[in-house]
Amino acid sequence: MRGAAATGAEFVFLCVPTPQGPDGRADLGFIDDAAREIAPVLSPAAVVLNKSTVPVGSTRRVDRILREAGAVTDVGVASNPEFLREGTAVRDFLRPSRVVIGTDDAAVGVRVSELYRGVYAPVIVTDPASAEMVKYASNAFLATKISFVNAIANLCESVNADIHEVVLGMGHDPRIGFEFLHPGPGWGGSCFPKDTAALLNTAEDAGYDFALLRGAVTSNDNQRELMVTKVRDACGGTLTGARVAIWGLTFKANTDDLRDSPAVEIAAILAEQGAMLRAYDPAAGDAAAALSGLEVVADPYEACADADVLVVLTEWDEFRWLDFERVASSMKRAEMVDTRNLLDPAAMRRIGFSYRGVGR
Ligand code: UGA
(Lines give C-alpha, C1' and ligand atoms only; values in the text may rest on other atoms or scores of the structure.)
Protein backbone atom coordinates (compact mmCIF):
# COMPACT_ATOMS: atom_id res chain seq x y z
CA MET A 1 0.00 0.00 0.00
CA ARG A 2 2.78 2.33 0.97
CA GLY A 3 4.61 1.78 -2.35
CA ALA A 4 1.51 2.45 -4.43
CA ALA A 5 0.68 5.60 -2.51
CA ALA A 6 4.25 6.88 -2.65
CA THR A 7 4.25 6.62 -6.45
CA GLY A 8 1.39 9.10 -6.50
CA ALA A 9 -1.64 6.83 -6.77
CA GLU A 10 -4.76 8.80 -7.55
CA PHE A 11 -7.08 6.35 -5.79
CA VAL A 12 -6.36 4.25 -2.71
CA PHE A 13 -8.87 1.56 -1.74
CA LEU A 14 -9.13 0.49 1.88
CA CYS A 15 -10.20 -3.16 1.80
CA VAL A 16 -9.21 -4.33 5.27
CA PRO A 17 -11.26 -6.62 7.52
CA THR A 18 -13.68 -5.18 10.07
CA PRO A 19 -14.20 -8.21 12.34
CA GLN A 20 -16.89 -8.37 14.98
CA GLY A 21 -15.53 -7.12 18.31
CA PRO A 22 -16.36 -8.78 21.63
CA ASP A 23 -19.36 -6.45 22.11
CA GLY A 24 -20.83 -7.23 18.65
CA ARG A 25 -19.65 -3.93 17.21
CA ALA A 26 -17.40 -3.76 14.13
CA ASP A 27 -13.74 -3.52 15.17
CA LEU A 28 -12.30 -0.60 13.20
CA GLY A 29 -8.70 -1.16 14.32
CA PHE A 30 -7.42 -2.30 10.91
CA ILE A 31 -9.02 0.58 9.08
CA ASP A 32 -7.72 3.15 11.57
CA ASP A 33 -4.20 1.69 11.26
CA ALA A 34 -4.37 1.67 7.45
CA ALA A 35 -5.52 5.32 7.37
CA ARG A 36 -2.72 6.36 9.74
CA GLU A 37 -0.15 4.47 7.68
CA ILE A 38 -1.06 5.92 4.29
CA ALA A 39 -1.76 9.49 5.44
CA PRO A 40 1.84 10.82 5.24
CA VAL A 41 2.49 9.44 1.75
CA LEU A 42 -0.76 10.30 -0.05
CA SER A 43 -0.38 12.51 -3.09
CA PRO A 44 -2.29 15.82 -2.92
CA ALA A 45 -5.12 14.85 -5.28
CA ALA A 46 -5.57 11.32 -3.96
CA VAL A 47 -8.99 9.93 -3.11
CA VAL A 48 -9.18 7.34 -0.33
CA LEU A 49 -12.05 4.94 -0.94
CA ASN A 50 -13.40 2.76 1.78
CA LYS A 51 -14.55 -0.69 0.58
CA SER A 52 -14.55 -2.29 4.01
CA THR A 53 -17.93 -2.78 5.69
CA VAL A 54 -17.94 -0.07 8.33
CA PRO A 55 -20.64 1.45 10.53
CA VAL A 56 -22.32 4.69 9.63
CA GLY A 57 -19.96 7.56 10.34
CA SER A 58 -16.75 5.70 9.46
CA THR A 59 -15.99 7.60 6.25
CA ARG A 60 -15.88 10.80 8.26
CA ARG A 61 -13.77 9.00 10.86
CA VAL A 62 -11.23 7.98 8.16
CA ASP A 63 -11.21 11.56 6.90
CA ARG A 64 -10.41 12.82 10.41
CA ILE A 65 -7.67 10.20 11.01
CA LEU A 66 -6.04 11.00 7.66
CA ARG A 67 -5.85 14.68 8.52
CA GLU A 68 -4.64 14.06 12.06
CA ALA A 69 -1.95 11.72 10.68
CA GLY A 70 -0.61 14.33 8.28
CA ALA A 71 -2.48 13.93 4.98
CA VAL A 72 -2.46 16.99 2.75
CA THR A 73 -5.65 19.00 3.03
CA ASP A 74 -7.19 18.32 -0.37
CA VAL A 75 -7.16 14.52 -0.14
CA GLY A 76 -10.69 13.24 -0.85
CA VAL A 77 -12.46 10.48 1.06
CA ALA A 78 -15.44 8.42 -0.04
CA SER A 79 -17.37 5.34 0.93
CA ASN A 80 -17.58 2.76 -1.86
CA PRO A 81 -19.15 -0.41 -0.40
CA GLU A 82 -18.78 -3.74 -2.16
CA PHE A 83 -21.47 -6.36 -2.63
CA LEU A 84 -19.30 -9.32 -3.66
CA ARG A 85 -20.25 -12.84 -2.67
CA GLU A 86 -17.68 -15.46 -1.79
CA GLY A 87 -17.26 -17.87 -4.68
CA THR A 88 -18.51 -15.41 -7.32
CA ALA A 89 -16.50 -12.34 -6.33
CA VAL A 90 -14.81 -11.74 -9.71
CA ARG A 91 -18.11 -11.99 -11.59
CA ASP A 92 -19.82 -9.74 -9.04
CA PHE A 93 -16.98 -7.21 -9.37
CA LEU A 94 -17.08 -7.13 -13.16
CA ARG A 95 -20.88 -7.17 -13.36
CA PRO A 96 -22.14 -5.46 -10.21
CA SER A 97 -25.85 -4.84 -9.63
CA ARG A 98 -24.96 -1.25 -8.67
CA VAL A 99 -22.04 0.98 -7.71
CA VAL A 100 -22.54 3.08 -4.59
CA ILE A 101 -20.34 6.10 -3.84
CA GLY A 102 -20.73 8.14 -0.67
CA THR A 103 -19.03 11.49 -0.46
CA ASP A 104 -19.73 15.05 0.60
CA ASP A 105 -17.56 16.36 -2.25
CA ALA A 106 -19.31 16.40 -5.65
CA ALA A 107 -15.97 16.54 -7.51
CA VAL A 108 -14.79 13.39 -5.72
CA GLY A 109 -18.11 11.75 -6.65
CA VAL A 110 -17.50 12.51 -10.33
CA ARG A 111 -13.89 11.26 -10.24
CA VAL A 112 -14.84 8.00 -8.54
CA SER A 113 -17.77 7.48 -10.96
CA GLU A 114 -15.27 7.78 -13.82
CA LEU A 115 -13.39 4.79 -12.39
CA TYR A 116 -16.42 2.64 -13.10
CA ARG A 117 -17.02 3.93 -16.61
CA GLY A 118 -16.36 0.49 -18.14
CA VAL A 119 -18.80 -1.24 -15.84
CA TYR A 120 -22.41 -1.61 -16.94
CA ALA A 121 -24.29 -0.80 -13.73
CA PRO A 122 -26.24 2.07 -12.19
CA VAL A 123 -23.98 4.42 -10.23
CA ILE A 124 -25.50 5.98 -7.12
CA VAL A 125 -23.64 8.96 -5.71
CA THR A 126 -24.87 9.88 -2.27
CA ASP A 127 -23.68 11.12 1.12
CA PRO A 128 -21.28 8.93 3.16
CA ALA A 129 -23.78 7.91 5.86
CA SER A 130 -26.34 6.74 3.29
CA ALA A 131 -23.71 4.77 1.35
CA GLU A 132 -22.59 3.06 4.53
CA MET A 133 -26.19 2.27 5.42
CA VAL A 134 -26.85 0.78 1.95
CA LYS A 135 -24.32 -1.94 2.68
CA TYR A 136 -25.75 -2.89 6.10
CA ALA A 137 -29.35 -2.57 4.97
CA SER A 138 -28.69 -4.82 1.96
CA ASN A 139 -27.08 -7.61 3.99
CA ALA A 140 -29.65 -7.31 6.78
CA PHE A 141 -32.50 -7.40 4.26
CA LEU A 142 -31.14 -10.53 2.58
CA ALA A 143 -30.61 -12.21 5.95
CA THR A 144 -34.18 -11.29 6.96
CA LYS A 145 -35.48 -12.64 3.67
CA ILE A 146 -33.84 -16.01 4.37
CA SER A 147 -35.10 -16.03 7.96
CA PHE A 148 -38.57 -15.33 6.62
CA VAL A 149 -38.50 -18.18 4.11
CA ASN A 150 -37.12 -20.52 6.78
CA ALA A 151 -40.04 -19.57 9.03
CA ILE A 152 -42.51 -20.26 6.22
CA ALA A 153 -40.73 -23.58 5.56
CA ASN A 154 -41.09 -24.55 9.22
CA LEU A 155 -44.77 -23.68 9.06
CA CYS A 156 -45.17 -25.68 5.83
CA GLU A 157 -44.10 -28.78 7.73
CA SER A 158 -46.97 -28.32 10.19
CA VAL A 159 -49.66 -27.76 7.54
CA ASN A 160 -48.45 -30.27 4.97
CA ALA A 161 -47.43 -27.70 2.38
CA ASP A 162 -44.25 -27.86 0.28
CA ILE A 163 -41.95 -24.85 0.59
CA HIS A 164 -40.59 -25.35 -2.93
CA GLU A 165 -44.09 -25.05 -4.39
CA VAL A 166 -44.72 -22.02 -2.17
CA VAL A 167 -41.50 -20.28 -3.26
CA LEU A 168 -42.32 -21.02 -6.88
CA GLY A 169 -45.67 -19.36 -6.45
CA MET A 170 -44.18 -16.38 -4.59
CA GLY A 171 -41.08 -15.82 -6.70
CA HIS A 172 -42.90 -15.14 -9.95
CA ASP A 173 -44.10 -11.91 -8.38
CA PRO A 174 -41.34 -9.54 -9.53
CA ARG A 175 -41.67 -7.61 -6.28
CA ILE A 176 -40.59 -10.75 -4.43
CA GLY A 177 -38.33 -12.62 -6.87
CA PHE A 178 -36.68 -16.03 -6.44
CA GLU A 179 -33.32 -14.98 -5.04
CA PHE A 180 -32.48 -15.70 -1.41
CA LEU A 181 -35.63 -17.70 -0.85
CA HIS A 182 -33.94 -21.04 -0.49
CA PRO A 183 -34.69 -22.58 2.92
CA GLY A 184 -31.96 -24.26 4.91
CA PRO A 185 -30.15 -24.51 8.23
CA GLY A 186 -29.98 -20.72 8.59
CA TRP A 187 -27.62 -18.14 7.18
CA GLY A 188 -23.97 -17.91 8.16
CA GLY A 189 -20.58 -16.91 6.83
CA SER A 190 -18.28 -14.03 7.59
CA CYS A 191 -20.76 -11.28 6.64
CA PHE A 192 -24.44 -11.73 7.57
CA PRO A 193 -23.93 -12.63 11.25
CA LYS A 194 -21.35 -9.88 11.75
CA ASP A 195 -23.25 -7.23 9.83
CA THR A 196 -26.64 -7.91 11.41
CA ALA A 197 -24.99 -7.71 14.86
CA ALA A 198 -23.30 -4.43 13.93
CA LEU A 199 -26.55 -2.96 12.58
CA LEU A 200 -28.38 -3.95 15.77
CA ASN A 201 -25.69 -2.13 17.71
CA THR A 202 -26.03 0.94 15.50
CA ALA A 203 -29.78 0.87 16.17
CA GLU A 204 -29.23 0.51 19.91
CA ASP A 205 -26.79 3.44 19.91
CA ALA A 206 -29.37 5.48 18.02
CA GLY A 207 -32.10 4.56 20.51
CA TYR A 208 -34.11 2.63 17.90
CA ASP A 209 -35.62 -0.74 18.78
CA PHE A 210 -34.95 -2.81 15.64
CA ALA A 211 -37.24 -5.66 16.75
CA LEU A 212 -37.65 -6.97 13.19
CA LEU A 213 -33.94 -7.58 12.68
CA ARG A 214 -33.53 -8.97 16.18
CA GLY A 215 -36.30 -11.43 15.34
CA ALA A 216 -34.55 -12.46 12.12
CA VAL A 217 -31.35 -13.17 14.08
CA THR A 218 -33.19 -15.13 16.79
CA SER A 219 -35.05 -17.18 14.15
CA ASN A 220 -31.73 -17.92 12.55
CA ASP A 221 -30.29 -19.22 15.81
CA ASN A 222 -33.42 -21.33 16.35
CA GLN A 223 -33.11 -22.79 12.85
CA ARG A 224 -29.86 -24.51 13.89
CA GLU A 225 -31.69 -26.11 16.82
CA LEU A 226 -34.55 -27.24 14.57
CA MET A 227 -32.05 -29.04 12.33
CA VAL A 228 -30.58 -30.77 15.39
CA THR A 229 -34.09 -31.87 16.40
CA LYS A 230 -34.59 -33.41 12.95
CA VAL A 231 -31.36 -35.37 13.32
CA ARG A 232 -32.30 -36.46 16.85
CA ASP A 233 -35.73 -37.63 15.61
CA ALA A 234 -34.06 -39.54 12.77
CA CYS A 235 -31.91 -41.28 15.41
CA GLY A 236 -34.99 -42.39 17.33
CA GLY A 237 -35.09 -39.64 19.93
CA THR A 238 -31.55 -39.55 21.31
CA LEU A 239 -28.17 -38.58 19.93
CA THR A 240 -26.18 -40.34 22.60
CA GLY A 241 -23.93 -42.82 20.84
CA ALA A 242 -25.56 -42.17 17.44
CA ARG A 243 -23.27 -42.37 14.42
CA VAL A 244 -23.87 -39.31 12.28
CA ALA A 245 -22.45 -38.86 8.78
CA ILE A 246 -22.08 -35.24 7.70
CA TRP A 247 -21.79 -34.00 4.15
CA GLY A 248 -20.59 -30.42 3.95
CA LEU A 249 -18.98 -28.14 6.51
CA THR A 250 -18.47 -24.83 4.71
CA PHE A 251 -21.03 -22.04 5.26
CA LYS A 252 -22.24 -22.45 1.68
CA ALA A 253 -21.07 -24.31 -1.43
CA ASN A 254 -18.18 -23.18 -3.65
CA THR A 255 -16.08 -21.75 -0.85
CA ASP A 256 -13.63 -23.29 1.63
CA ASP A 257 -14.75 -20.88 4.36
CA LEU A 258 -15.85 -22.29 7.71
CA ARG A 259 -16.35 -18.96 9.45
CA ASP A 260 -19.74 -18.83 11.19
CA SER A 261 -20.78 -21.89 9.23
CA PRO A 262 -24.20 -23.27 10.19
CA ALA A 263 -22.80 -26.72 9.37
CA VAL A 264 -19.99 -26.38 11.89
CA GLU A 265 -22.36 -24.99 14.54
CA ILE A 266 -24.87 -27.82 14.01
CA ALA A 267 -22.07 -30.40 14.10
CA ALA A 268 -20.85 -28.93 17.40
CA ILE A 269 -24.34 -29.22 18.96
CA LEU A 270 -24.70 -32.79 17.70
CA ALA A 271 -21.33 -33.72 19.23
CA GLU A 272 -22.25 -31.98 22.47
CA GLN A 273 -25.39 -34.11 22.64
CA GLY A 274 -23.39 -37.31 22.37
CA ALA A 275 -23.31 -38.07 18.63
CA MET A 276 -20.21 -39.52 16.98
CA LEU A 277 -19.58 -37.55 13.81
CA ARG A 278 -17.76 -38.43 10.63
CA ALA A 279 -17.70 -35.60 8.11
CA TYR A 280 -16.76 -35.05 4.48
CA ASP A 281 -16.39 -31.69 2.76
CA PRO A 282 -14.89 -31.26 -0.71
CA ALA A 283 -13.09 -27.99 0.06
CA ALA A 284 -12.74 -27.29 3.76
CA GLY A 285 -9.32 -29.03 3.95
CA ASP A 286 -7.02 -28.36 6.88
CA ALA A 287 -9.45 -26.00 8.59
CA ALA A 288 -11.97 -28.87 8.86
CA ALA A 289 -9.30 -31.24 10.15
CA ALA A 290 -8.64 -28.78 12.97
CA LEU A 291 -12.27 -28.90 14.20
CA SER A 292 -12.76 -30.78 17.41
CA GLY A 293 -15.55 -33.30 18.07
CA LEU A 294 -15.62 -34.86 14.62
CA GLU A 295 -13.58 -37.07 12.39
CA VAL A 296 -12.99 -35.68 8.90
CA VAL A 297 -12.66 -38.22 6.09
CA ALA A 298 -11.57 -37.79 2.49
CA ASP A 299 -14.53 -39.52 0.86
CA PRO A 300 -18.33 -39.04 1.10
CA TYR A 301 -18.97 -42.81 1.13
CA GLU A 302 -16.49 -43.37 3.96
CA ALA A 303 -18.38 -40.80 6.04
CA CYS A 304 -21.56 -42.92 5.77
CA ALA A 305 -20.18 -46.37 6.61
CA ASP A 306 -22.21 -47.83 9.48
CA ALA A 307 -23.94 -44.47 10.15
CA ASP A 308 -27.39 -44.14 11.73
CA VAL A 309 -28.16 -40.99 9.77
CA LEU A 310 -26.72 -38.95 6.92
CA VAL A 311 -27.00 -35.16 7.35
CA VAL A 312 -26.48 -32.89 4.34
CA LEU A 313 -25.34 -29.53 5.71
CA THR A 314 -23.85 -27.74 2.68
CA GLU A 315 -25.36 -27.69 -0.81
CA TRP A 316 -22.31 -28.96 -2.75
CA ASP A 317 -23.39 -29.93 -6.25
CA GLU A 318 -21.23 -33.06 -6.25
CA PHE A 319 -23.48 -34.57 -3.55
CA ARG A 320 -26.31 -34.83 -6.08
CA TRP A 321 -24.43 -37.24 -8.28
CA LEU A 322 -23.30 -39.89 -5.78
CA ASP A 323 -24.34 -43.54 -5.77
CA PHE A 324 -27.12 -43.40 -3.19
CA GLU A 325 -27.82 -47.14 -3.33
CA ARG A 326 -24.22 -47.66 -2.25
CA VAL A 327 -24.65 -45.01 0.45
CA ALA A 328 -27.87 -46.58 1.80
CA SER A 329 -26.48 -50.10 1.83
CA SER A 330 -23.36 -49.01 3.74
CA MET A 331 -25.37 -47.33 6.52
CA LYS A 332 -26.73 -49.01 9.63
CA ARG A 333 -30.07 -47.28 9.03
CA ALA A 334 -30.94 -45.42 5.83
CA GLU A 335 -32.00 -42.16 7.51
CA MET A 336 -31.33 -38.84 5.80
CA VAL A 337 -31.70 -35.23 6.97
CA ASP A 338 -31.23 -32.91 4.02
CA THR A 339 -30.98 -29.45 5.62
CA ARG A 340 -30.37 -27.84 2.20
CA ASN A 341 -33.21 -29.51 0.29
CA LEU A 342 -30.50 -30.51 -2.17
CA LEU A 343 -31.78 -33.97 -3.07
CA ASP A 344 -35.01 -35.24 -4.58
CA PRO A 345 -37.15 -36.62 -1.72
CA ALA A 346 -39.07 -39.03 -4.00
CA ALA A 347 -35.87 -40.44 -5.49
CA MET A 348 -34.31 -40.84 -2.06
CA ARG A 349 -37.41 -42.59 -0.70
CA ARG A 350 -37.46 -44.93 -3.72
CA ILE A 351 -33.90 -45.95 -2.86
CA GLY A 352 -35.06 -46.74 0.66
CA PHE A 353 -34.06 -43.66 2.62
CA SER A 354 -36.29 -42.22 5.27
CA TYR A 355 -35.93 -38.61 4.05
CA ARG A 356 -36.37 -35.39 6.05
CA GLY A 357 -35.91 -32.04 4.33
CA VAL A 358 -36.82 -28.47 5.36
CA GLY A 359 -40.40 -27.40 4.75
CA ARG A 360 -41.46 -30.30 2.54
C1 UGA B 1 -22.97 -11.82 1.39
C2 UGA B 1 -23.81 -11.00 0.40
O3 UGA B 1 -24.62 -11.87 -0.40
C4 UGA B 1 -22.91 -10.14 -0.51
O5 UGA B 1 -23.71 -9.32 -1.35
C6 UGA B 1 -22.02 -9.26 0.38
O7 UGA B 1 -21.14 -8.47 -0.41
C8 UGA B 1 -21.21 -10.15 1.29
O9 UGA B 1 -22.10 -10.93 2.11
C10 UGA B 1 -20.35 -9.26 2.15
O11 UGA B 1 -20.90 -8.49 2.94
O12 UGA B 1 -19.11 -9.24 1.96
P13 UGA B 1 -21.60 -14.12 1.24
O14 UGA B 1 -21.28 -13.93 2.68
O15 UGA B 1 -20.55 -14.58 0.31
O16 UGA B 1 -22.20 -12.75 0.63
O17 UGA B 1 -22.74 -15.23 1.23
P18 UGA B 1 -24.21 -15.39 0.62
O19 UGA B 1 -24.15 -16.03 -0.70
O20 UGA B 1 -24.98 -14.13 0.73
O21 UGA B 1 -24.82 -16.44 1.66
C22 UGA B 1 -24.92 -16.12 3.05
C23 UGA B 1 -25.59 -17.24 3.80
O24 UGA B 1 -26.98 -17.32 3.47
C25 UGA B 1 -25.01 -18.63 3.53
O26 UGA B 1 -24.94 -19.35 4.74
C27 UGA B 1 -26.02 -19.25 2.58
O28 UGA B 1 -26.05 -20.67 2.62
C29 UGA B 1 -27.31 -18.66 3.11
N30 UGA B 1 -28.40 -18.62 2.12
C31 UGA B 1 -28.30 -17.85 1.00
C32 UGA B 1 -29.56 -19.36 2.36
O33 UGA B 1 -29.68 -20.08 3.39
N34 UGA B 1 -30.59 -19.28 1.46
C35 UGA B 1 -30.51 -18.52 0.33
O36 UGA B 1 -31.51 -18.49 -0.44
C37 UGA B 1 -29.35 -17.78 0.10
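A salt bridge is defined here as a side-chain nitrogen of Lys or Arg lying within 4 Å of a carboxyl oxygen of Asp or Glu. The model is predicted, so local features require pLDDT of at least 70 and side-chain atom pairs count only at pLDDT 80 or more, whereas totals for chains, interfaces and linings use all residues. Residues are numbered from 1 along each chain as its sequence is written, and side-chain values use heavy atoms, with hydrogens and water left out.

Select Asp 63 and Arg 67 to begin. They form a salt bridge whose closest N and O atoms are 2.7 Å apart. Because the two residues stand 4 positions apart in helix α3 (residues 58–68), about one helical turn separates Asp 63 from Arg 67. Helices are DSSP runs (H or I, at least four residues) numbered from the N terminus. The count of salt bridges comes to 24.

Next, colour domain 1 (2–126) and domain 2 (127–360) separately; these bounds come from an automatic or database domain assignment. The domain centres, taken over C-alpha atoms, are separated by 34 Å. At the interface, 29 residues of domain 1 are in contact (heavy atoms within 4.5 Å) with 25 residues of domain 2. The two domains bury about 2100 Å² between them, with 53% of it on carbon and sulfur atoms. Buried area is the accessible area (1.4 Å probe) that two parts lose on being put together, summed over both. The rule finds 2 salt bridges across this interface.

Now select Arg 25 and Asp 205, a salt bridge with its closest N and O atoms 2.4 Å apart.

Finally, display Ser 52, Thr 53, Val 54, Ser 79, Pro 81, Glu 132, Lys 135 and Tyr 136, which line the largest cavity. A cavity is a set of points on a 1 Å grid over the protein atoms alone where a 1.4 Å probe fits but cannot get out, and lining residues have an atom within 4 Å of a point. The volume of the largest cavity is about 40 Å³, volume being the space filled by probe spheres set on the points, which are joined across faces, edges and corners. Helix α6 (residues 128–159) supplies the largest share of the lining, 3 residues. Each domain contributes at least three lining residues.

Technical notes:
1 Å grid on protein atoms, 1.4 Å probe; cavity = no way out; pocket = protein on both sides within 12 Å on 5 of 7 lines; lining within 4 Å.
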